[in-house]
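Please read the briefing below alongside the sequence and the coordinates.

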Amino acid sequence: MSTRDRRKRDPVNIFALPAVVIVALVTQVPLIVTLILSAIKWIIVRPDLGIRFIGLENYLSVFKDAEFYMVIVNTIVLTVVSLAGCTVLGLALALLLNRKFVGINIARTLMIAPFFVMDAVVGIVWKTLMLHPSFGINGMIAGWLHIKPIDFLGSHSLATIIMLVIWQWTPFFVLVLLSGFESISEEILDSAKVDGAGIWRTIFQIKIPAIASHIEVAVMLGLIFILKVFGIIYVTTSGGPGISSTNLPYLVYRTGFFRWDVGRATAMAVITVILTLVAVTAFFRFTRRKTSEVES
Amino acid sequence: MIDYTGSRARRRTAHYLFVLLIWVICLVYFFPILYMFITSLKHETDVVPPKLFFTPTLENYRTVLLSSDIVSHIVNSAIITLSSMVLCIFLGVPTAYAIVFGKLKKPDSLFFWFLSTTLLPPVAVIIPVFLIFKNLHLLDTRWGMIIMYVGANVPIVIWMVRSFLKDIPAELLEAADIDGATRIRSFFKIVLPLARSGIISSALLVFIFVWNEFFFAINLTYVNASPIPVYMASYMTQEGLFWAKLSAISTVTVLPPLILGWISHKSIVRGLMMGAVKG
């Protein structure tokens, strides 16, 4: 039997079909529709205006909007600062937790918990129990210190959102980086000790370079997820005050489901897709060049 | 061992100081969740201002679990999450098998196509999905949510299971071929048992993602099919002053993924790393 015949007959190929169909239905088809909708004028709550093709006008009006640039800056700040915070904090905590003592597993269990808590609850617990200026832990500490409580969600909305994202995502970094540190062989560490390398040199010149691929995976997955942060913003600040804590996903949501401006919202969604692809590609380029530098 | 008796005691102390430091950090990090649990055991009158000493009560849990409204949302969450998880495995594992052992023309490009869909931000699809669901009467239905979650999470299963399948030597399957077993038979007899841990960890990851998902849930459901996160967000705006009850619902809601995460985090990370290294 030639390979061609086998290929045609192999029933295993049909296995892949249902998954292809459903993934295409949920991702590819709506994406194409989004592209089409972004070229029309259609405000659902204004049926009197009708639906008409306007080409690139939605994009032009979005790009003329100062608010839109502020939201893009918010999104970039939120993503970059959160990722940097998660990486540094994650490395420090993973290094600390990478030792043996009685009860280490319980300590690790406490540490990783926030990652499994849903966005809605993260937002609710921090907004009420923790940061509420009068009745939360925030107000209590301010009372002890006889200072005015910090108005976290009012005056520092974006910084607070970043803090919550770091709190939620650092445990994921700890999990991944810790598994990396645990995979470093004892021999390497022993020989470093014999060579007289101090603690800091061991950490920065041996341990961290040894887990480069783990850091890459953590940052890559973190990037994809932190770019689409939505639930925490929805529950805590609703993007405000003003648009100070609005990121791209939240802006698309508001434009689509409050102003019901389908054309404008989908145009923003398309720009979000492009920016995501640019960010991910840039990250891949960066890491690949680094690895080839190490190899050469 | 390079160790001098003189410095041993000092090292001991350093070690215990480190251990103490680690405990303090971990407890501070965990504090918001702990405080949520503690608050859920308080009477509403003890919550504000925060009281350190109080008589614990299970009253809030009784209120929460006797409220038909809350229970129906938890049931929605459970049905949507479990159905999505099972369907993701039923669709994802055979696909991973076809990619690794099938005779597809371009298995790698099919795989990367699946992988690329995970990069797509949900806002890129939400408006068309909303309009399509409205016309097909899928808005605010459990089926609608299940379709969305299966489509969004099947690639994760394919990604993780594929790396486990790649570890199975092809000779094993070829030997089975010679014995006259069909590829479908060897799928059940050889491949499934060997890839078991990968399948389980990807299933748990899908469970955690779907149970916690917020964006699709808030935009595509209102009353009938809305899972628990949607209920929590609306409770927060309507009755946000009842912090003890809010904490009790939050604790109940957080528990399933938290327990699964605690049990399975090691295998989930192993699965993620294998998928990434062999990407």
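Predicted model: local features only at pLDDT ≥ 70, side-chain atom pairs only at ≥ 80, totals over all residues.

Residues are numbered from 1 along each chain as its sequence is written, and chains are lettered from A and ligands numbered from 1 in the order in which they are written.

**Confidence**

- The predictor assigns the complex an ipTM of 0.89 and a pTM of 0.90.
- Chain B has a mean pLDDT of 88, with 96% of its residues at 70 or more; pLDDT is the predictor's confidence in each residue, from 0 to 100.
- Within chain B, confidence is lowest in helix H8 (residues 170-178), at a mean of 78, and highest in helix H11 (residues 215-220), at 95.

**Overall form of chain A**

- Chain A holds 15 helices and 2 strands, where helices (H or I, at least four residues) and strands (E, at least two) are DSSP runs numbered from the N terminus.
- Chain A is more spread out than a compact globule, because its radius of gyration is 24 Å, well over the 19 Å that the globule rule gives for 296 residues; the radius is taken over C-alpha atoms, and the rule is 2.2 Å times the number of residues to the power 0.38.
- Of the 296 residues of chain A, 40% count as buried, which requires 20 or more other C-beta atoms within 10 Å of the residue's own, whereas 12 or fewer make a residue exposed and counts in between make it partly exposed, with C-beta atoms placed from the backbone.

**Contact between the chains**

- In chain A, 74 residues are in contact with 78 residues of chain B, contact meaning that the C-beta atoms of two residues, placed from the backbone, lie within 7 Å.
- Helix H2 (residues 17-37) of chain A gives the most to the side of chain A that touches chain B, with 12 residues.
- By class, that side of chain A has 55 nonpolar, 13 polar and 6 charged residues; Ala, Val, Leu, Ile, Met, Phe, Trp, Tyr, Cys and Pro count as nonpolar, Asp, Glu, Lys and Arg as charged, and the others, Gly among them, as polar.

**Backbone details in chain A**

- Most residues other than glycine have a negative phi, and most peptide bonds are trans.
- The peptide bond from A:Gly240 to A:Pro241 is cis, with omega near -5 degrees, and A:Pro241 lies in the loop between helix H13 (231-236) and helix H14 (248-257) of chain A.
- A:Ser238, not a glycine, has a positive phi of about 50 degrees and is placed in the loop between H13 and H14 of chain A.
- A:Trp260, not a glycine, has a positive phi of about 55 degrees and is found in the loop between H14 and helix H15 (262-295) of chain A.
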